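Student: I have a chain to look over and some questions about its fold. Can we go through it step by step?

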Amino acid sequence: MKVMVCTDGSELSKKAIDTAVGVALPLKAELIGMTAVKGAEPTEGLPGESKDVQERLGVIYDAAKAAGLSCRVMAIHGEAPWQCITKLAKDEDVDYVVMASRGMGSIGSLFIGSETQKTLASIDRPVLVVR
């Protein structure tokens, strides 16, 4: 079983990480942490990622390890976060996706973010949206 959690480094993403750990733990699922990065992949892989990207992924990895979960983290490069999320969920054949209802670009807490809406419209597996 695999649970994927997405982060953009926002406070709400941190809540989604905690929620994903809570979902994965009783299922004894592997946690797959991801962050979307606009543009082409660096040639060196994760070590070539920016400090910000490594920090975002480190939060997921540390939370999973503290809970005793198996975890992999990755930066997925593409044009839009929703495309990266949808592609990785399919490529990794995850059972559940956990993500925040809005991210860094949010204008208000009452509205679902556009990337979340696009993900929900395009993905073919269950998504838990954290508010």
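Student: How many helices and strands does the protein chain have, and in what order do the elements run?
Tutor: The model is predicted: local features need pLDDT of at least 70, side-chain atom pairs count only at pLDDT 80 or more, and totals for chains, interfaces and linings use all residues. Residues are numbered from 1 along each chain as its sequence is written, and side-chain values use heavy atoms, with hydrogens and water left out. Helices (H or I, at least four residues) and strands (E, at least two) are DSSP runs numbered from the N terminus. The protein chain has four helices and five strands, and from the N terminus the order is β-α-β-α-β-α-β-α-β.

Student: What share of the protein chain is buried?
Tutor: Buried means under 20% relative accessible area, exposed over 50%, partly exposed in between (1.4 Å probe, protein chains only). Of the 131 residues in the protein chain, the buried share is 40%.

Student: Is threonine 35 buried or exposed, and which residues does it contact?
Tutor: Threonine 35 lies in strand S2. Its relative accessible area is 0%, so threonine 35 is buried. Contact means heavy atoms within 4.5 Å. Leaving aside neighbours within four places in sequence, threonine 35 touches Thr7, Asp8, Val53, Arg56, Leu57, Met74, Ala75 and Ile76.

Student: What is the distance between the end C-alpha atoms of helix H2?
Tutor: The expected span of a helix is 1.5 Å times one less than its number of residues. Helix H2 (residues 51-67) has 17 residues, so it should span 24 Å. The distance between its end C-alpha atoms agrees: 24 Å.

Student: Which residues of H2 are buried, and what covers them?
Tutor: An α-helix has 3.6 residues a turn, so residues three or four places apart point the same way. In H2 the buried residues are Val53, Arg56, Leu57, Ile60 and Ala64. Their cover includes S1, H1, S2 and S3.

Student: Which elements do the buried residues of H3 pack against?
Tutor: Helix H3 covers residues 81-91, and Cys84, Ile85, Thr86, Leu88 and Ala89 are buried there. These buried residues pack against strands S1 (2-6), S2 (30-38), S3 (71-78) and S4 (96-100), and helix H4 (114-122).

Student: Which residue follows H3, and what is its phi?
Tutor: The residue after H3 is aspartate 93. Its phi is positive, near 50 degrees.

Student: Is leucine 27 buried or partly exposed?
Tutor: Leucine 27 sits in helix H1 (residues 11-27). Its relative accessibility is 38%, so leucine 27 counts as partly exposed.
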